[in-house]
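Here's a quick tour of a protein fold for someone meeting it for the first time. Have a look at the model, then read on.

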Amino acid sequence: MNSQSPLVIPNYLASSVLDIDFKKIKNDGIDYIAFDADATLVGFRKKALDDKTKKYLEKELRRFKGVCIASNRVTNDLHEIADDINAHTVRATLTTRKPSVKFFHRVVELFDVKPSKIAMVGDKLIADIYGGNKAGFKTVWVDKNGRDSIIDWVVQTRRFERRLTKKHFKRSN
């Protein structure tokens with residue numbers, strides 16, 4: 001992403017967390033990784049990683065100084081996932097949620113580094129990518145894992161994302 005790119009454009013794309021090139025991200029100067037939980041690491045509201053994802057991340061995340069799960073879940077049920085990948089958690093509150101820069105500043109405070117040293121990995125173009133870019137993070141957009149929440153279905157989040165990406169690709173062609 002360059003300074004002229006819209007904030008909804010991610011720095012990296014991957015079909016899933018299993019396809020992220022963590023070596024490249026590390027070589028690009030990233031020291032910390034923040035993951036969205038629902039539909040990124042696990043299916044909606046799931047509380048545990050599958051074995052394949054757990055093994056892959058255990059190996060790949062050793063490159064980084066720190067990892068967290070930065071989720072809009074307000075429930076306190078991310079501990080098993082966090083423990084599986086030796087991560088901290090940053091959960092939403094009723095008033096501070098992604099894509100708010102205030103939410104992302106909580107991740108910066110957790111790691112105590114410049115935002116440019118953090119990559120946000122998520123499946124939502126607005127909450128994860130726009131919010132992460134606006135906060136100064138590098139961003140990795142992955143295809144959703146499983147179903148969306150009822151709220152995303154009602155507000156048609158994915159339809160909105162398709163329109164945004166179509167609009168951008170029309171301009172760049």
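Is helix H5 mostly covered or mostly uncovered? It's mostly covered, with 8 of its 11 residues buried (buried means under 20% relative accessible area, exposed over 50%, partly exposed in between, using a 1.4 Å probe and protein chains only). This is a predicted model, where local features need pLDDT of at least 70, side-chain atom pairs count only at pLDDT 80 or more, and totals for chains, interfaces and linings use all residues. Residues are numbered from 1 along each chain as its sequence is written, and side-chain values use heavy atoms, leaving out hydrogens and water.

**The sheet**
- An open sheet is built from 6 strands with parallel pairing, in the order S1-S6-S5-S2-S3-S4 (strands are DSSP runs of E, at least two residues, and helices are runs of H or I, at least four, numbered from the N terminus; two strands pair if DSSP finds at least two bridges between them).
- At the edges sit strand S1 (12-14) and strand S4 (88-91), each pairing on one side only.
- From one strand to the next, the twist averages 25° (axes are lines fitted to C-alpha atoms, for helices over the stretch in contact, and angles run from 0 to 180 degrees between N-to-C directions).
- Strand S5 (residues 118-122) pairs with strand S6 (residues 138-142) in the parallel sense over 4 bridges, and valine 121 has valine 140 in S6 as its bridge partner.

**Helix H5**
- Helix H5 (residues 125-135) packs on the sheet, where it touches S5 and S6 (contact means heavy atoms within 4.5 Å).
- The direction of H5 makes about 165° with that of S6.
- Its buried residues include Leu125, Ile129 and Ala135.

**Helix H4**
- In H4, Phe103, Phe104, Val107, Val108 and Phe111 are buried.
- Looking down the axis of H4, these buried residues fall within an arc of 150°, so they line one face of the helix (the arc is that of the directions from the helix axis to the C-beta atoms).
- What do the buried residues of H4 pack against? They pack against S2, S3, S4, S5 and H5.
- Serine 100 caps the N-terminal end of H4, with a side-chain oxygen 3.1 Å from the backbone nitrogen of lysine 102.
- H4 is followed by aspartate 112, whose phi is positive, near 55°.

Technical notes: A polar contact is a pair of N or O atoms within 3.5 Å; within protein, one must be able to donate a hydrogen and the other to accept it, and residues adjacent in sequence count only if both atoms are side-chain atoms.
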